[in-house]
Structure formats: C-alpha cells, structure tokens
Amino acid sequence: MTTIIDGNEVAEEIRSDLTDAIDTLADAGVTPGLATVLMSEDPASETYVAMKQRDCEEVGIEAFDYELDPETPADELYSLVDDLNADDDVHGILVQMPVPDHVDDRTVLRRIDPAKDVDGFHPENVGRLVAGDARFKPCTPHGVQKLLDAVDVETEGADVVVVGRSDIVGKPMANLLIQKAKGGNATVTVCHSRTTDLAEKTREADIVVAATGVPELVTGDMLSDGVVVIDVGVNRVDADNEKGYELVGDVDFDSAKEKASAITPVPGGVGPMTRAMLLWNTVKAAAESADVDVDLP
C-alpha cells in the first residue's frame with residue numbers, strides 16, 4: 001500500500017508547534033516579523049505571497065508587505081531592502097522571485113542582511129550550509145527533510161537521486177542529505193539535463209527527489225519497487241476543465257505510485273512545507289536577533 005505523504009497535514013503540525021516558540025518570544029517582548037517584497041504581476045507569485053501573509057497571521061508573525069510596480073527602478077528596490085535590513089521589527093526578508101529583467105536578482109540576494117535572509121540564498125548562508133553550519137536551511141529542501149522524517153524514512157545509508165541542480169532546490173537538497181547530521185548521511189547523486197540515461201540512475205535510488213520544472217519527467221518505469229518519491233515540481237499544463245489548466249508535478253503520479261512505498265502529491269505535498277519552513281526560519285531569526293532560547297519543532 002503506497003503512503004501518500006500529506007504535506008498540508010505535516011505543515012499544519014509545524015505551524016502549530018511553532019506557537020510555543022512564538023509565545024516564548026512574546027514573553028521576552030519580541031514579535032517575529034517577516035517582510036515580503038513583490039515586484040511582479042505574475043499571478044502565481046501574487047498568490048504565493050498572499051498565502052505567506054495568511055500563514056503569518058495564523059501563527060502570530062507580523063507581516064510587512066511591500067508591492068512595487070514592475071517598472072520601478074532597481075535602485076528603489078535595493079533601497080527598500082536596505083531600509084528593511086535596518087528595521088529592528090523585521091527579522092526576515094523575502095524578495096519574491098522572479099524580479100523584472102532590469103533588476104539583477106543576484107544583487108538583490110546579496111543586498112539582504114544574511115541574518116535576515118530567511119530563504120537561505122545569500123552567499124554567506126550558502127557557504128555555511130555547505131560547511132555544515134547552516135544559519136538557515138533553504139525552505140524547500142528543509143521541508144523535504146521534514147516530510148521524510150514525518151513518514152519515518154531513514155536517509156542514513158540510503159541512495160538518493162536528486163533530479164535537478166538549481167540553487168533553490170537541487171544543490172541545497174544534495175548538501176543537506178550528505179551532511180553528517182539527522183536527516184542526512186545519505187549517498188547522493190545529482191542528475192540534470194546533461195545526465196546520460198536518467199532512468200538508469202533513478203532505478204538505483206531508494207529515494208528520488210524530483211525538482212526540474214519539467215512536467216511528469218519521472219515516470220513509473222524509471223523507478224524501483226519500494227522507492228520513496230518526493231515531487232518538488234509544480235507545473236501548469238493545459239487541461240479540458242473550467243480553469244483550462246491543471247497542476248502537475250515533475251513526476252507522473254499515477255505510474256509512480258504503483259512503484260513507490262511513499263510519494264508526495266502535487267499539489268498538497270512539498271508546497272505547503274516550503275511556506276511552513278519560511279515561518280520556521282523567521283522565528284529562528286527573531287530568536288537569534290533577540291538572544292532568546294526557543295525550542296523549534
């Protein structure tokens with residue numbers, strides 16, 4: 001019987017457990033604050049930011065929300081980030097990607113104070129992650145670790161194939177899984193668009209993490225029996241329904257679940273965990289800023 005890993009349920013548990021840490025901070029006179037900056041009219045980005053704001057309200061994190069017209073000069077965005085860096089009420093800063101073409105996304109990421117970089121993408125935080133001394137684990141890979149733990153999947157000694165090498169998911173996912181720490185100690189193979197015979201690699205895996213942005217790239221015949229499948233992808237494809245589209249992952253769910261012992265659905269798998277771990281990082285940032293000891297789930 002295949003276990004369908006419910007990301008909504010696990011994320012809800014994490015949000016609930018965060019309330020104890022937030023109460024501890026409140027007793028010290030601290031309210032965690034998360035600033036989100038949206039400089040796009042992309043509907044998916046707008047929806048995602050709105051969901052993050054709702055999550056903050058649910059757990060007691062103060063949300064500071066900024067929207068800039070996509071035509072706004074890049075210097076105005078950089079100036080806003082500088083102001084947020086200097087604001088003691090803001091503990092986490094998230095600039096929603098993508099940003100317009102006239103804005104250099106690397107400059108934006110480097111502009112954020114590493115102590116407020118709750119996405120974990122500043123070069124300083126990337127370096128600390130690779131060195132095994134992470135300040136913030138990037139939200140999606142951290143969420144994947146939490147999902148695996150929630151269904152008692154042991155990573156130690158496991159053969160893991162990560163399909164995708166992005167800075168956001170693939171690279172940090174591989175780094176977390178090889179760490180000598182809980183949720184790590186795996187043997188990791190990173191595959192990508194230049195990999196020869198992807199199926200040969202995925203069939204050898206105990207765990208497959210798919211994060212390519214290619215709809216239904218990984219199919220059941222590419223998997224071994226009993227594999228655990230984590231599908232990070234969210235892709236909009238045409239469909240004959242009222243919306244005119246449907247969301248699918250990077251894994252062909254129907255064929256993969258015939259092989260998998262456990263698998264995440266799309267939607268409702270990894271997505272909710274990404275948002276939950278953003279809250280987790282914000283609470284951690286607030287605790288470290290105020291030098292308050294908290295127990296994080």
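Strand 7, residues 207–210, and strand 8, residues 228–231, run parallel and are joined by 4 bridges. Within this pairing, Val208 has Val229 of strand 8 as its bridge partner. The model that shows this arrangement is a predicted one. Both strands belong to an open sheet of 6 strands, ordered 1-11-8-7-5-6 and paired in parallel. Its edges are formed by strand 1 (3–4) and strand 6 (187–191), each of which pairs on one side only.

In an unreviewed entry, UniProt places the feature "domain: Tetrahydrofolate dehydrogenase/cyclohydrolase catalytic" at residues 5–119.

Asn125 is located in helix 5, which comprises residues 123–130. Asn125 counts as buried because its relative accessible area is 0%, under the 20% limit for that class. The side chain of Asn125 makes a polar contact of 2.7 Å with the side chain of Asp117. When neighbours within four places in sequence are left aside, Asn125 is in contact with Pro114, Asp117, Gly120, Arg135 and Phe136.

The second largest pocket has a volume of about 690 Å³. Helix 1 (7–27), helix 6 (139–150), helix 7 (170–178) and helix 10 (270–290) are the elements that give two or more residues to its lining. Helix 6 provides the largest share, 6 residues. In total, 33 residues line the second largest pocket, and Lys137, Gln145, Lys146, Lys182 and Gly183 are those nearest its centre.

A further annotation from the unreviewed UniProt entry, "binding site", covers Gly164, Arg165, Ser166 and Val234. Two of these residues may be followed in detail. Ser166 lies in the loop that connects strand 5 (159–163) and helix 7. With a relative accessibility of 31%, Ser166 counts as partly exposed. A polar atom of the Ser166 side chain lies 2.9 Å from the backbone nitrogen of Val169. Apart from neighbours within four places in sequence, Ser166 is in contact with Lys171 and Pro172.

Val234, by contrast, lies in the loop between strand 8 and strand 9 (235–238). Val234 counts as exposed because its relative accessibility is 55%, over the 50% limit. Not counting residues up to four places away in sequence, Val234 touches Leu247, Val248 and Val266.

Notes. Residues are numbered from 1 along each chain as its sequence is written. This is a predicted model: local features need pLDDT of at least 70, side-chain atom pairs count only at pLDDT 80 or more; totals for chains, interfaces and linings use all residues. Side-chain values use heavy atoms; hydrogens and water are left out. Two strands pair if DSSP finds at least two bridges between them. UniProt positions are given in the numbering used here, feature names are shortened, and annotations may be inferred rather than shown by experiment. Buried means under 20% relative accessible area, exposed over 50%, partly exposed in between (1.4 Å probe, protein chains only). A polar contact is a pair of N or O atoms within 3.5 Å; within protein, one must be able to donate a hydrogen and the other to accept it, and residues adjacent in sequence count only if both atoms are side-chain atoms. Contact means heavy atoms within 4.5 Å. On a 1 Å grid over the protein atoms alone, a cavity is a set of points where a 1.4 Å probe fits but cannot get out, and a pocket is an open set with protein on both sides within 12 Å along at least five of seven lines; lining residues have an atom within 4 Å of a point. Grid points are joined across faces, edges and corners, and a volume is the space filled by probe spheres set on the points.
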